[in-house]
Amino acid sequence: MSPPRRRGSEVRPALSRDRVSSVAVSLADRGGLATVTMRAVAAELGVEAMSLYHHVKGKSDLVDGMVDVVFGEFALPRAGRSWRAEMELRCRSARRVLQAHRWAVGLLDSRTQPGPATLAHHDAVLGCLRSDGFSVVEAGHAIAVLDAFTYGFAMQEANLPLGPGEWEGDLAATIMAAVPADRYPHLVELATERVMQPGYDFGDEFDVGLELVLDGLARLPGPAGRT
């Protein structure tokens, strides 16, 4: 590990892979993944870009580290506890983390060099499922379905044109004014009777969807045999 560096009278923490990755995550949170370059990260750290290559091999390796930081923020399921409660906690935690790191949604399963936090997370998910009745095959089904729902919902949520409390406003009305009710009656019905009503929040659909997914997984032979 590099020794602490001084800038004037200020002592800066030593560089490390974890610190480089964390600073890159902060940059992406502020400006998106496109703003993350070796030069930009080095500038944030107050060092020359070449210094980073002692800790990351390049941009791809840097993104590997960033994804690992995100996985490290997910709640870690505990083996020996109720699979349903632990998976619910894990999925809700993942959604909150991805709301904070929207740039990461499409990257979570894209890396060919997963880091220790990524590996630990997936192993803990599988370990929790296996300890509460899921076969190896069923645990594979479960993690695939849970991730597809959670990551997919997070991606939808990140791409919505309006946020909570905005659906009943002028912009939503303008959008719907361009949708002919005679041609798309069911879309207009949902928009006017549900989406554009006061208090609507698309995020509330997560609760309904997660319960449906968990109910479906509970019907698999392994977990069903334990209830």
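Before going on, I noted the ground rules. This is a predicted model, in which local features need pLDDT of at least 70 and side-chain atom pairs count only at pLDDT 80 or more, while totals for chains, interfaces and linings use all residues. Residues are numbered from 1 along each chain as its sequence is written, and side-chain values use heavy atoms, with hydrogens and water left out.

**Rings**

I found 6 aromatic pairs in the structure. The rings of Phe149 and Phe153 have centres 6.0 Å apart and planes at 45°, so this pair is tilted. (Rings of Phe, Tyr and Trp, the last by its six-membered ring, pair if their centres lie within 6.5 Å; planes under 30 degrees apart are stacked, over 60 edge-to-face, the rest tilted.) Phe149 is buried at 18% relative accessibility, and Phe153 is buried at 5%. (Buried is under 20% relative accessible area, exposed over 50%, partly exposed in between, with a 1.4 Å probe and protein chains only.) Ring pairs join Phe149 and Phe153 with Phe202 and Phe206 in a cluster. I also found arginine 95 over the face of Phe206, 5.0 Å from the ring centre. (This needs NZ of Lys or CZ of Arg within 6 Å of the ring centre and within 35 degrees of the ring normal.)

**Glutamate 157**

Which residues does glutamate 157 contact, leaving aside neighbours within four places in sequence? I listed Arg95, Gln99, Arg102, Phe202 and Gly203 (contact means heavy atoms within 4.5 Å). Glutamate 157 is in helix H7 and is buried, at 13% relative accessible area.

For cysteine 91, the nearest cysteine sulfur is that of cysteine 128, 11 Å away. Cysteine 91 is buried at 0% relative accessibility, and cysteine 128 is likewise buried at 0%.

**Pocket lining**

Which helix gives the largest share of the lining of the largest pocket? I found that H9 does, with 4 residues. Helix H8 (170-177) and helix H9 (185-195) each supply at least two lining residues. The lining includes Trp167, Met176 and Leu187. (On a 1 Å grid over the protein atoms alone, a pocket is an open set of points where a 1.4 Å probe fits, with protein on both sides within 12 Å along at least five of seven lines; lining residues have an atom within 4 Å of a point.)

Key
A disulfide is a pair of cysteine sulfur atoms within 2.5 Å.
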